[in-house]
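Below are my notes on its pockets, its cores and a few residues.

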Amino acid sequence: MGWVETTGGYAVALDGTRVLCRNASGRTLKQVPSKLKDDPEVVRLRQLAEWLERHERECREQVDTWLVRSLPVPVALLARVWPDAAWQSALRDLVVAPVGADGSADTGRAGFLRDADPARGLGIVDLDGDSVWLEPAGVETVLIPHPVLLEELAELREFAAELGIEQGAEQLFREVWRRPEAAEDVVGGGTAQEWRAYAHGKFAELRHATARAVSLGYRVRGGQAVCPLVEDGRQLEAAYWLGDDYPESESLTGSLEWRDRAGRRLPLAEVGPVAWSEGERMAALVYAGRVIESDEEKAL
């Protein structure tokens, strides 16, 4: 935006979400002088910058929700929000796939989102490298697929790198976890309901574990970090045990489990690929903040 004159011959402007200031001679300063801290124009621009930062964060969070919960998104909605720079930054270059009348995504027609227009639909670069339009008359909704659902994910990542694609929302390069095929109690019809790969993570204080979970965007409830999920239209949640003692007490993490909407714990064999990947992602991210003891400390 342009420069706005303020007191003392200074002028201020907004560059992205940063407030710039120049003096009467036109030189841009490293920071806004403290004497302008309460100037109405400076206050107004800082409030606008805070709103823009919040808006950008909310756009990314909404797109992440669509991805994690496998929610079909109307093409008309994408076309309406596309002119907004924050929305466009979060959506541009994401892989999108048309959703058919039966509700399934046609990943064979997927492509990288490059444009959205109310009349023309969605402009994409398809997986052959051609620029095409998904016309609104033929495609009313699209899916932003979770990477665990994408076939040949490694090849897609290489193709994206060749195109110089940088996604504003984490999709292609989001780390994925897959249910281990070798675990018979997981995939062989067993009844195991707990995944303990991230148990026994030591935190000097329970509040360190809960604060880490919250900082990563997860809720903490009943001693567990919780991640709401949707798999095939079914509402689920993954829950990872952190502890329920005093916040200042030492804590060890426990098991990871998945529950349905009624609170029933699911056998691990029933957990779908997206729910598994996102649940294990949550546990792995929290577990990574544990206290790492040296070999000498373990021997004591």
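**Ground rules.** I'm working with a predicted model, where local features need pLDDT of at least 70, side-chain atom pairs count only at pLDDT 80 or more, and totals for chains, interfaces and linings use all residues. Residues are numbered from 1 along each chain as its sequence is written, and side-chain values use heavy atoms, with hydrogens and water left out.

**Entry 1, the largest pocket.** I looked up its volume and got about 660 Å³. A pocket here is an open set of points on a 1 Å grid over the protein atoms alone, where a 1.4 Å probe fits, with protein on both sides within 12 Å along at least five of seven lines; lining residues have an atom within 4 Å of a point. The volume is the space filled by probe spheres set on the points, which are joined across faces, edges and corners.

I found 21 lining residues, with Glu 61, Asp 64, Arg 174, Leu 216 and Gly 217 nearest the centre. Which helix gives the most to this lining? It's α1, with 6 residues. At least two residues each come from α1 (40-68), β12 (224-231) and α7 (273-287). Helices (H or I, at least four residues) and strands (E, at least two) are DSSP runs, numbered from the N terminus. By class I noted 10 charged, 8 nonpolar and 3 polar residues in the lining. For these classes, Ala, Val, Leu, Ile, Met, Phe, Trp, Tyr, Cys and Pro are nonpolar, Asp, Glu, Lys and Arg are charged, and the others, Gly among them, are polar.

Of its 17 lining residues, Ser 70, Ala 105, Leu 143, Leu 149 and Asp 232 lie nearest the centre. I noted 9 nonpolar, 5 polar and 3 charged residues there.

The largest nonpolar core holds 54 residues, and Val 63, Leu 91, Tyr 240 and Trp 258 have the most contacts inside it. Its largest share, 7 residues, comes from α7. Apart from that core I found another of 12 residues, including Leu 29 and Val 42. Such a core is a set of buried Ala, Val, Leu, Ile, Met, Phe, Trp, Tyr and Cys residues joined through side-chain atoms within 4.5 Å.

I placed Glu 41 in α1. Is Glu 41 buried or partly exposed? Glu 41 is partly exposed, because its relative accessible area is 24%; buried means under 20%, exposed over 50% and partly exposed in between (1.4 Å probe, protein chains only). Thr 6 is 35 residues away in sequence, yet the two C-alphas sit 6.7 Å apart. The side chain of Glu 41 also makes a polar contact with the side chain of Arg 44 (2.9 Å). A polar contact is a pair of N or O atoms within 3.5 Å; within protein, one must be able to donate a hydrogen and the other to accept it, and residues adjacent in sequence count only if both atoms are side-chain atoms.

Gln 224 is in strand β12 and is buried, at 12% relative accessible area. Its side chain makes a polar contact with that of Arg 259 (3.1 Å).

I found Asp 260 in β15 (residues 256-260), and at 15% relative accessibility Asp 260 counts as buried. A polar atom of its side chain lies 3.0 Å from the backbone nitrogen of Ala 262.
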